[in-house]
Structure formats: structure tokens, C-alpha cells
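Colleague: I would like to learn how to read contacts, strands and rings in a model such as this one. Please give the general idea each time, then the case at hand.

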Amino acid sequence: MKKVKAVSKLTALALTILMMLSILPLQAFAADNEAVQLRDGTAFITADMTEKQVKAELFTALVANPEGKDAQSLNWEYYCQGKNGLLKNSAWGSIDGFTSKKLLTTYTHPALKDNANGEYDIRLAGDESTQVKLTLQTSVEIPTASIATKPVTENVLLYLKDDLTTDFDRFRQDLFNAVYDAENSFPQDLTWEDVTFQYNASRLDTIPIWHELEFTDSTNIQKELADGGTFRFKMTVLSDPEYYTTTVEFKAPVAVFERAESALTLTDKSFTYTSDANALRESFFNDLIDWKTSTLPAKENLNKDFFTVEYYAENVVLGKPGGIKKWVPLEGGTFDLLTYPAIGAGEQQIRVTFKGNSTHTAATVEQTVTIDKAKVKVTVHSTDKFADEKLPEDFVTLSSNDPFTVYTIYLGTTSSVTSALFIDLPDEMTESFFIDLLNPIVKLVVGRTVDDIIENGITIAEINAVINSPELKNLITTLKIDLGVIGTILDIIDNLPSSIKEIRIGFDEPNVAGSYSVVAIAQNENYETGIGVGMLLVKMRYASVKLVFNQEIENGKIAAADAANFDFNATLSYYGVPVDGAVKYLYTGVKKNGAPYTSTTTAPTEPGFYTQTVVTIGGNYQAAPITRSFTIT
């Protein structure tokens, strides 16, 4: 596929000529090379070698990162011994030979190729911080490689990798196989990894500009291989202990491999919601793409990462729709300073894009997909506790880690043999702005605020009065509030037997001893409402619970004049600390006139003989009964 040219061919030609005439420096259009990295190495250098051959040998032996580097552009220095008659001096200087001066004496240093075998310190000119060891071998005579080439008549193709980058190694291999005439070359066993390639990027055949195959030019002044056409190439044989390097030039036509046009079609299957966006992408890859009717590479050669899946989302502001829609990833996120949620259950418009690979072009398709609500398992772990204890955090657990709004309803019989109903509301409800909106309405209807109701409970009759008030109905309509699970709970309450409709509802976990049936309701807009049931036993405390008379009757006698102001009550305590409890009293006896006396509320004040019994019936604390007999004189 050819790129659109940013400048005309005429402008490109003019700029190239200016560059060749040094009016514009060529470096201005070339990418910066990575810094040269050196290593210790061995080079085969003889006295009859040219400067270019010496540089090529040093480049091969000592440069650790040769890719994209020009051997002839590097200038080398080495540390060697110079002479002046019988005097000697070691110094750094050019590998072509140099002179040094010490104490007014000038010394002559030979060129590197004129030295004997041995080890020499060597470095790049201008870089005194990095030096390496060169093992020089000059006594081995080896031939120069001789490479014969074949005419290349068919296009050598540029292929893409699956990551959509050009596969230049494959191109090197194909180019080498097309041009290398092994039968007429020395050596005859070269491979594409034994050579390097450059190509002429100039638009003027007479003035070459040599670049590595990967060269790109954003100005379009020079040619890239991806432009296609016939190019001049240089193939350089890397140095080897058995032969010297050599370079040959040849021409070859180049073209970009034409990939097949992709076509993408989708099925009409529905999917189950999951908060794991990667799992949803995997489901789309396996079941949403219609592999039979699509024009794509074989499924076994692809995976979900070859595709992007987006959905048409609406931003949210403080949990409410913001009105601005945009294609975003399935997991949502922040784009253009706006927040978009992850894809949820319902009818969703999605866009699937095949990115393309080495054999097929990219393709995109849009379609509406149904994402069904998922199921959640709600488990109530039946347990027991004392009234003054909190339930464990794992009393209600869910099969999903997604955030849910959980309502827990407790209906049972207390230790005082009365019916009790508790609704444990989620924190977000008891702390939300909705409470502030409800407070004036609820106070108008029942005379108390919502905060007071949550603290002290409410009767079903009061709930019905609030629900049926026009003020609340208007608020729900105005704010478009979905009562959701609250509506379900109200339906449950409305269907309770009339015998318990006068009980007071508490908004917390049970704090009264008794046995309760538990219903936990979990709500999330992407899940079907989940319900779990269980049992809860709220136990009474017995240990260290005592009843103690507030005032003792000395010697079992009290005057009638003192009885009216006497404190006949008893205090219930737990570990010595007074606590509230269901304390009951029974007074029995015979008055002085012989009339019997019995009361559960009022202590006797007339002369006579009496017995007082104090017990606890129900409540959260159970103490042993206490009794005493006394005479009023």
C-alpha cells in the first residue's frame, strides 16, 4: 500500500539535489544513530589492506551493536610505541600512524596494520572514556570474499508481521536467496545472516544515498522500500577468519505483499454479564464473530488480542447519565475528562475491529448485542449471637465480588414472646442525600424524622401512611426514583398477617433476644435480584446477671408511714453494671384485717404480712428470681 506523498516529486528532487551540493546537510533528514558500543575482539589485518578494509575489520571485530552503523564513519585511535633512534615513547594516536612529542623529542608511530601480532588498546577518536582490547593478527594470509550475483527479475516482497510491523528479516532472507549465486561465489555456503544490506534511497540514480533497509523518511524527500519499485542495493559480506569482507551492488524490484481484504460479520447470540472485561472479550471472540461467513485468517491462528471491542457509552456524573456518548473500551474509563462506566447488562451497541495481521487487512463492524443479567448466589450463614454483639461481617456472602446493595430482613419471635421485624438497610441508604429529602415529608406525616425512625423504629401503620402520602409520591415522580428492592420489601410487609401489623419495625440487625428467620436480598443492576434465607438466634445472657433489691428491709419490718416512700424496686445488672431488662414484680400477702393482697404493679402500704418476688421475663438478660418476706407495722 503506497503512502500519500507530503511533497511533490519536483520538490523532493530539488531538495535532494540541494542536499548533494551540501546546501542542506543530509544529517538534518537522517535519524540519530544509537551510540556505538565497543567490545574486545580479534581482527585479521595485513599491511596491504586499504584504509576502508582496516575500518571494516575493526568495525566487525569491535562494534557490539553494528545495526544501523556505518563502518567507514568511525575513526579509531590506538595505544602503541613510537621510536626516535634508540628512544621510545608510548602514546595514543590514529590507526593510520602518527607522531608524538615528549621533552622536545618527536617520535614516529606506525600504522596499526604495520604492527606485529599482539594485543593493543584501542578506542574511538574523541572518546577517552572507553577503550577495549584488540587482538591483532597480521601473519595469516586469507583471500577476499568474491560474491557473484544473479539478476533479480521478480519482485522481492515486503511482508508484515502479525503486529503490523514490516518483517525486514524475512525480506533480507528473500533478497539474499534471490541474488546470491552460490555456485560462482567464494565462499559458497553463505546465508542471509552472513551479510548486511543497504539500499539507495536517493531519487537521483547518479547520486546515491545509502541507508539501512528499515530507514523511514517522514519528509518523503527520500525513498523508502515500502514505496515499491526497483532499487539499488549493496550487499556486504561480514568478515571471517577465512576471508576478507567485500561489497557488491545490484538492482532488485521491491513490492509490498498485498494482503487479503478482511470482512467481519457477527452472530445474533446474547451473552451473560460479567465484570471481567477480558472474559467478555474472550466470549465475543469465541461466540460473537461468525467465523463461517467472515473473511478472516483461520481462528486457530488468532486470539482476542487481534481484535478491539468498544461499546457506545454515555458518561456519568455523580452516578447519573451525563448525556454525552462515545465509543469506549468495555471496561470504561476517563476520556476527554469525562467518566464512562464499564459495559453493563441490557441492549448495547458495540463496535468490533479486526486489527489486521500479516495476511489480512483490518475490518470493522457495528452491531447491537444483548447482555443478559447474571445470577448471584446469596448465602445466609445461620448463626447465633448475644443481643449486644454485632453479626460477623460474613453473615451474608455473595458469589460475586461486584458491589451490591444488600437488604437483610429479620422476622421472628422475641424472648418476651412478641413478634419482631428488623430491616437492616445498606449504609448508602442511611447516609444518602435521599434521607435529607425525606425528612420533612416523613415528619409532616408521622411527626418524626427519618433519622429518628431509623434510630427508634416505626410501625407498619406509620409506613403505610408515609407511602400513601401525596408528598412522597410527588417526590418519587419528580426525581424518577426506582424503589427497587424497597418496593419488594414494602410488598412483603403489606402481605404480613394482620396479627403482627402493629409491631414496631427496627432498622438495624436484631438487638432483642429471640429466634428470627432471615431473608437477605442483593441488588445490582447487572444481576438478577438474589435472595438467600437462613436463621438467627439472639441469645439471652445468664452468666453474671443478677437482680438486687434497691433498698433492704431491716429485720423484715417496715412502718406503714415509711412504706409509701420505700423503694421496693430491684436493679438488673450484668457484671455489676446496671442494664435494661424485662423486670417483673409480684406482691402477695394478708392485710392486718385479714383481707388477701395480690398485685404485679403496686407494692403494699397497709399493715400486714407480705412476700415480694422479682423475676425477669424475656428481654436480653435472664437472672435468677429473688424474693423476700416482710411485715408492715
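Modeller: Contact means heavy atoms within 4.5 Å. In this chain, residues 24 or more positions apart account for 58% of the contacts with a separation of 6 or more. This is a predicted model, in which local features need pLDDT of at least 70 and side-chain atom pairs count only at pLDDT 80 or more, while totals for chains, interfaces and linings use all residues. Residues are numbered from 1 along each chain as its sequence is written, and side-chain values use heavy atoms, with hydrogens and water left out.

Colleague: How many helices and strands are there in the chain?

Modeller: Helices (H or I, at least four residues) and strands (E, at least two) are DSSP runs, numbered from the N terminus. The chain has 11 helices and 36 strands.

Colleague: In what order do the five strands of the open sheet lie?

Modeller: Two strands pair if DSSP finds at least two bridges between them. The order here is β13-β19-β18-β14-β15, with mixed pairing. At the edges are β13 (271-272) and β15 (320-329), each pairing on one side only. Two bridges join β13 to β19 (residues 363-372) in the parallel sense, and Phe271 has Ile371 in β19 as its bridge partner.

Colleague: How many aromatic pairs does a search of the whole structure find?

Modeller: Rings of Phe, Tyr and Trp (its six-membered ring) pair if their centres lie within 6.5 Å; planes under 30 degrees apart count as stacked, over 60 as edge-to-face and the rest as tilted. The search finds 30 aromatic pairs. For Tyr574 and Tyr621, the ring centres are 5.6 Å apart and the planes stand at 45 degrees, so this pair is tilted. Tyr574 belongs to strand β31 (residues 570-574) and Tyr621 to the loop between β35 (608-616) and β36 (626-632), so the pair ties together parts 47 residues apart in sequence.

Colleague: Is Tyr574 buried or exposed?

Modeller: Buried means under 20% relative accessible area, exposed over 50%, partly exposed in between (1.4 Å probe, protein chains only). Tyr574 is buried, at 18% relative accessibility; Tyr621 is also buried, at 11%. Of the 633 residues in the chain, 41% are buried.

Colleague: Which ring does the charged end of Arg541 sit over?

Modeller: A charge sits over a ring if NZ of Lys or CZ of Arg is within 6 Å of the ring centre and within 35 degrees of the ring normal. Arg541 has its charged end over the ring of Phe386, 3.8 Å from the centre. The charged end of Lys223 sits over the ring of Phe231, at 4.6 Å from its centre.
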